[in-house]
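Subject: Structure handover

Hi! Here is the structure I promised to pass on to you. Have a look at it first, then read my notes below.

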Amino acid sequence: MQPNNVYDYTDVGRSAVSQNTVLRKTYGLLGLSFLPAAAGAFFAMSTGLSLFGLTGNRWIALGIFFAFFYGMSFLIEKNRYSNVGAALLMVLTFGLGFSLGPILNYSLAFSNGIELVGIAAVMTGAVFLSMAAMAKSATFETKAIARFVSVGFVVSVIAMVASFIFPNIPALSLAVSGLFVIVSSVLIMLQVRVVIEGGEDSHISAALTLFVAIYNIFTGLLRLLLAFAGEE
């Protein structure tokens, strides 16, 4: 039985719907999700609000961020075949966009900040298109790549926490950014491939994964660019 509140967000169990249709819907929803993300970033930038500013403690701010992210991800997955899941995805992307406010404001304080943000955005788009294209043309062991991504994210999160514990080690922070960029890039290829192979029948879940990967790549690249090319 399908949820009653579904409109064009579920074809689960219908063999007539091809994986290309799921992929097309994934890309459509992914594109739509950037609108609330942009709104969230603009709101944070224009008001100067941030989790750290609101809490006054970076550990509390980190805890709130993780609670929001994983809580919303859980709810989205629980409603992965309904309009509710799509609406929750918009809420999540607004929140993630809001979290970009501080780094964007920091970037714009540099003389070449706008250029660096633009470069990070273009590079992120190029990585996404490249990895999605590779997923369609390349052949690889999906399970092995999935294990790599899982282990990679665990290591990345542990390294990120370590960078909070030791904030005076710039190399550690840069390593975290690099790890997230690499693992998230592979995640894009993996998720697109899983959809193509029929292993994912919810474009809401697929769009969630791809958006998070793009978010990680953009923030990671921007941090690296600021570290190596930023000019006061």
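**What I found**

Helices here are DSSP runs of H or I with at least four residues, strands are runs of E with at least two, and both are numbered from the N terminus.

Before going on, please note that this is a predicted model, where local features need pLDDT of at least 70 and side-chain atom pairs count only at pLDDT 80 or more, while totals for chains, interfaces and linings use all residues. Residues are numbered from 1 along each chain as its sequence is written, and side-chain values use heavy atoms, leaving out hydrogens and water.

**Helix H1**

Buried residues of H1 include Lys25, Thr26, Ser33, Pro36 and Gly40. "Buried" means under 20% relative accessible area, "exposed" means over 50%, and "partly exposed" is in between, with a 1.4 Å probe and protein chains only. The buried part of H1 packs against H4, H5, H6 (113-137), H8 (170-196) and H9, where contact means heavy atoms within 4.5 Å.

**Helices H4 and H5**

H4 covers residues 83-99, and its 17 residues reach 25 Å from first C-alpha to last, close to the expected 24 Å. Among its buried residues are Gly85, Leu88, Met90, Thr93 and Phe98. They pack against H1, H2 (51-55), H3 (58-78), H5 (101-108) and H9.

In H5, the buried residues are Gly101, Ile103, Leu104 and Ser107. Their cover includes H1, H4, H6 and H9.

**The second largest pocket**

This pocket has a volume of about 180 Å³. A pocket is an open set of points on a 1 Å grid over the protein atoms alone, where a 1.4 Å probe fits, with protein on both sides within 12 Å along at least five of seven lines; lining residues have an atom within 4 Å of a point. The volume is the space filled by probe spheres set on the points, which are joined across faces, edges and corners.

Which helices each supply at least two residues of the lining? They are H1 (19-47) and H9 (203-229). Lining residues include Phe34, Ala38, Gly97, Leu100, Phe211 and Tyr215. By class, the lining has 10 nonpolar residues, 1 polar and no charged ones. Ala, Val, Leu, Ile, Met, Phe, Trp, Tyr, Cys and Pro count as nonpolar, Asp, Glu, Lys and Arg as charged, and the others, Gly among them, as polar.

- Ser202 sits in the loop between H8 and H9. Is Ser202 buried or exposed? Ser202 is buried, because its relative accessible area is 1%. Leaving out residues up to four places away in sequence, Ser202 touches Arg80 and Tyr81.
- Gly118 belongs to H6 and is partly exposed, at 30% relative accessible area. Gly118 and Leu51 are 67 residues apart in sequence and 25 Å apart in space, C-alpha to C-alpha.
- Gly152 is in H7 (residues 142-165) and is buried, with a relative accessible area of 11%.

Enjoy exploring!

Conventions: Expected span 1.5 Å × (residues − 1).
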